[in-house]
Each structure stands twice: as structure tokens, then as C-alpha cells.
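This briefing goes through the model topic by topic. Please keep the sequence and the coordinates at hand while reading.

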Amino acid sequence: MPANLPPKYHEAERRYRETKDPDEKIDALEEMLAIMPKHKGTDHLRADLRARMAKLTTEAQKKGGRRGSIYNIRKEGAGQVALVGLTNAGKSSLVAIMTHANPDIGDWPYTTKMPLPGMMEYENINIQLLDLPAVDDHSAHTWMPGALRRADYLMIVIDLGRDPLIQMRDIVDDLEKLRMGTVNRPSEWVIKQAIIVGSKSDHTKAKGNYNSLVRKYGDQFAMVSTSTEDMSGLEDLRRLVFSSLDIIRVYTKAPGQHAALNKPIILSKGNTVQDAAKEIHKDFARELKYTVIWGSGKYDNQRVKRDHVLADGDIVEFHI
Ligand SMILES: Nc1nc2c(ncn2[C@@H]2O[C@H](COP(=O)(O)OP(=O)(O)O)[C@@H](O)[C@H]2O)c(=O)[nH]1
Ligand SMILES: [Mg+2]
């Protein structure tokens, strides 16, 4: 065992040993891996942890469900965005109005107890929103870090009817306690990116509160204000969620036919023609002779090489 592992590592290891639940074991292993410094002295241990993780994952899958836990929500759609905030911030109301999900909404504290996914439509794709309990809900502290770590992006929800800076400070503290770093305070743990949503913009104090939020955090976070009462800002929020995920939609077409514009391939920004071909089939990419694209090329109907970087909305026609 390499010396000098930080105390948090031993804490996670203890959780690993003490729990029988495979998902909690996997979460603990994930954390141990994230904490462990990467150098030659830890190569062996890291390989060992990964092997244990793979074994546990297979076992959990066999038992039914992915990893077999109600707390581990399977990712669906083009990306998963988890909602983070204090109790009564309006997280569940946002998920209810932006998706077809039906979360519990209430005026009393800690209404939400379980992770609840909902699909948000954005133009021709779906993005998964994950409603979560309040970030300071102690009854969720065993599984919440795993859920936050697995999400592609966080949506920090700040109630504009209350002091926004105190809320932000509390949320950042809570994320630290859950061993999650945020972009404004990178920690040695996992660094997650986030957008900020100022909710309840219909509140009389909302404007001033939103302004202080922008003044303090506008440089670090993309932000939007919304209200599920008067429905303002919701389209902006959809667009912001999409743009924060850094994904592009690419359409394929066969020669002489129209592109299927309702069925995009989802790629990451910076991906190339070669990456798009691989999404269809890995052999396909190898056999590719040339590709014609419409969109980001200088001219429509242009022949491009495999390393051509694609843009959102491009149509590609592969020739093999
Ligand atoms: N005025 C106003 N109230 C809201 C808005 N969104 C949510 N609420 C209320 O705030 C309370 C908490 O909402 P909920 O979505 O359960 O918050 P959560 O604990 O963050 O999930 C409920 O009483 C909601 O009706 C909004 O945009 N405007
Ligand atoms: Mg809720």
C-alpha cells in the first residue's frame, strides 16, 4: 500500500469495507480512484481498484438493472444534467415544467427524497434532467455524491426570493462536504461544471437578487433567471442546458436521399467526420473513401477529409 494517501482516501476505503451494498461499494471505489495521486507508486493499486469496480458492476448488472440500484439513474438522451440547490429552491418545479416527469412539489422542506429523471425536449433531441433532494439533505448523503459525479453537468438552482449569495455559499460548502469541487472552487476532488439558474424570478425581490448573483458569479458561470409561475426564461434555460453540454447534432444521408433530420447523431464539439462514421459502425469508419458535407464546409456539397471538424447541424454523406 503506497504511503501518503490522504485521510479522505482512508475514509472512502472504510466505507468500501463496511457496506454490503454493491452501489455504495462502487461509489466508494470511484472516490478512492479520484482521490489517489497518479504516479508509478500507485499504478498497482489503481489497477486493482478498477478491477474490483468492473467485477462489482458486472455482478450488479446481473442482478437486474444497471448496477441494480434505485439511486443510480440510467443516463438517457444526449446528456444528463443534475439539479443542485437548497430545499424549496424550485428544483422539482423546474423539472416538472421542463419535462414529462412528475416530481413531488411542496412548500415544506425536503419534499424530494429520491433521484427522479425527466426528459427535456430541446428541438429534435432529449436531454435528461435529474431532480435531486436538497444538497444538504443528510438522508441522501450516501448516494448523492455518486449521482452528482455521474452527471454530465450540474444546474445550481438559486431561489431569487431569498439572499442569493448566502445560498451560493451554502451550496458550495455542501458540495465540498460531498467531496465535489465546483468551478469556482476547484478542489482536489472531482471538478464539475455548472450553470446557475435563478428561480422564482416573479418574486418582488428577484431582480435585485439576480443582479447581485450576476455581479459575483457572472464571470464564472453561465446564468439565466426563470419562473415556473409566469413561465419566463424557460426557453433560455433549455438553450443554455443544450449549449453547456458542448454537443453537436449531425445528420447522415445516403446518396440521392434526404437526410433524416429528426434523427441526429450526438457528438462532442470538436469531433470529426471520422468520429461520426465510428458512431455508425467501427468498420464503417475504416472503409470510408470520402465524405460529402453540407453545413460547416466552405461550400455546400463539399468533399471533406476524415479529420474535418463537424459543426452542429451538419449533414454528412459517407461514401465507401
Ligand atoms: N413564486 C414562485 N414560487 C415557486 C416557483 N417555483 C417553485 N415555487 C414554489 O416553491 C416551493 C418549493 O418548490 P419545489 O419545486 O418543491 O422546490 P425544491 O425543494 O427545490 O424541489 C413550492 O411551494 C413551489 O410552488 C416560481 O417560479 N415562483
Ligand atoms: Mg424537490
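Is Y110 buried, partly exposed or exposed, and why? Y110 counts as partly exposed because 15 other C-beta atoms lie within 10 Å, and a residue needs 20 or more to be buried and 12 or fewer to be exposed. The model is a predicted one. The points below start with the whole chain and its confidence, then turn to the cores, the helices, the ligand shell and the backbone.

**Overall layout**

- The protein chain contains ten helices and 13 strands.
- Along the principal axes, its C-alpha atoms fill a box of roughly 60 × 60 × 35 Å.
- Three domains divide the protein chain: domain 1 (7-62), domain 2 (80-244) and domain 3 (247-319).
- Between the C-alpha centres of domain 1 and domain 3 the separation is 39 Å.
- Buried residues make up 34% of the 320 residues of the protein chain.
- Taking contacts between residues at least 6 apart in sequence, 60% join residues at least 24 apart.

**Confidence**

- The average pLDDT of the protein chain is 87, and 92% of the residues score at least 70.
- Confidence is highest in strand 8 (residues 223-225), at 98, and lowest in strand 6 (residues 190-192), at a mean of 53.
- Over residues 185-191 the pLDDT stays under 50, and the model has 16 contacts beyond four places in sequence for this stretch.

**Nonpolar cores**

- The largest nonpolar core has 48 residues, of which A82, L83, V84, M155 and I156 touch the most other members.
- Strand 4 (residues 153-159) gives the largest share of this core, five residues.
- Another core, of twelve residues, lies apart from it, and its members include I248, V273, A277 and V316.
- Leaving out residues up to four places away in sequence, A82 touches L130, L132, A147, L148, A151, L154 and M155.

**Helix 1 and A12**

- A12 sits in helix 1 (residues 7-18).
- A12 is buried because 24 other C-beta atoms lie within 10 Å, and 20 or more are enough for that class.
- Beyond residues up to four places away in sequence, A12 touches A28, E31, M32 and I35.
- A12 and L175 are separated by 163 residues in sequence and by 16 Å in space, C-alpha to C-alpha.

- How many of the eight residues of helix 4 are buried? Seven of them are, and the helix is mostly covered.
- The buried residues of helix 4 are K91, S92, S93, L94, V95, A96 and M98.
- These buried residues pack against strand 1 (80-85), strand 2, strand 3, strand 4, strand 7 (194-199) and helix 8 (234-244).
- In helix 8, the buried residues are L237, V241, F242 and S244.
- The cover over the buried residues of helix 8 includes strand 1, strand 2, strand 3, strand 4, strand 7 and strand 8.

**Ligand 1**

- Which residues come nearest to ligand 1? Of the 20 residues around it, these are G90, K91, S92, S93 and K200.
- Helix 4 supplies the largest share of the shell around ligand 1, three residues.
- By class, the shell around ligand 1 is made up of 13 polar, five charged and two nonpolar residues.
- K91, S92 and S93 are among the residues nearest to ligand 1 and are also among the buried residues of helix 4.

**Positive phi values**

- Most residues other than glycine have a negative phi.
- Y110 is a residue other than glycine with a positive phi, near 55°.
- Y110 belongs to the loop between helix 4 (91-98) and strand 2 (116-122).
- E123 is not a glycine either, and its phi is positive at about 50°.
- E123 lies in the loop between strand 2 and strand 3 (125-131).
- E123 is exposed because it has 9 other C-beta atoms within 10 Å, where 12 or fewer put a residue in that class.
- D246, which follows helix 8, also has a positive phi, near 55°.

Note on methods: Residues are numbered from 1 along each chain as its sequence is written. Chains are lettered from A and ligands numbered from 1 in the order in which they are written. This is a predicted model: local features need pLDDT of at least 70, side-chain atom pairs count only at pLDDT 80 or more; totals for chains, interfaces and linings use all residues. Helices (H or I, at least four residues) and strands (E, at least two) are DSSP runs, numbered from the N terminus. A residue is near a molecule or strand if its C-beta atom, placed from the backbone, lies within 6 Å of it. Ala, Val, Leu, Ile, Met, Phe, Trp, Tyr, Cys and Pro count as nonpolar, Asp, Glu, Lys and Arg as charged, and the others, Gly among them, as polar. Domain bounds come from an automatic or database domain assignment. Two residues are in contact if their C-beta atoms, placed from the backbone, lie within 7 Å. pLDDT is the predictor's confidence in each residue, from 0 to 100. A nonpolar core is a set of buried Ala, Val, Leu, Ile, Met, Phe, Trp, Tyr and Cys residues joined through C-beta atoms within 7 Å.
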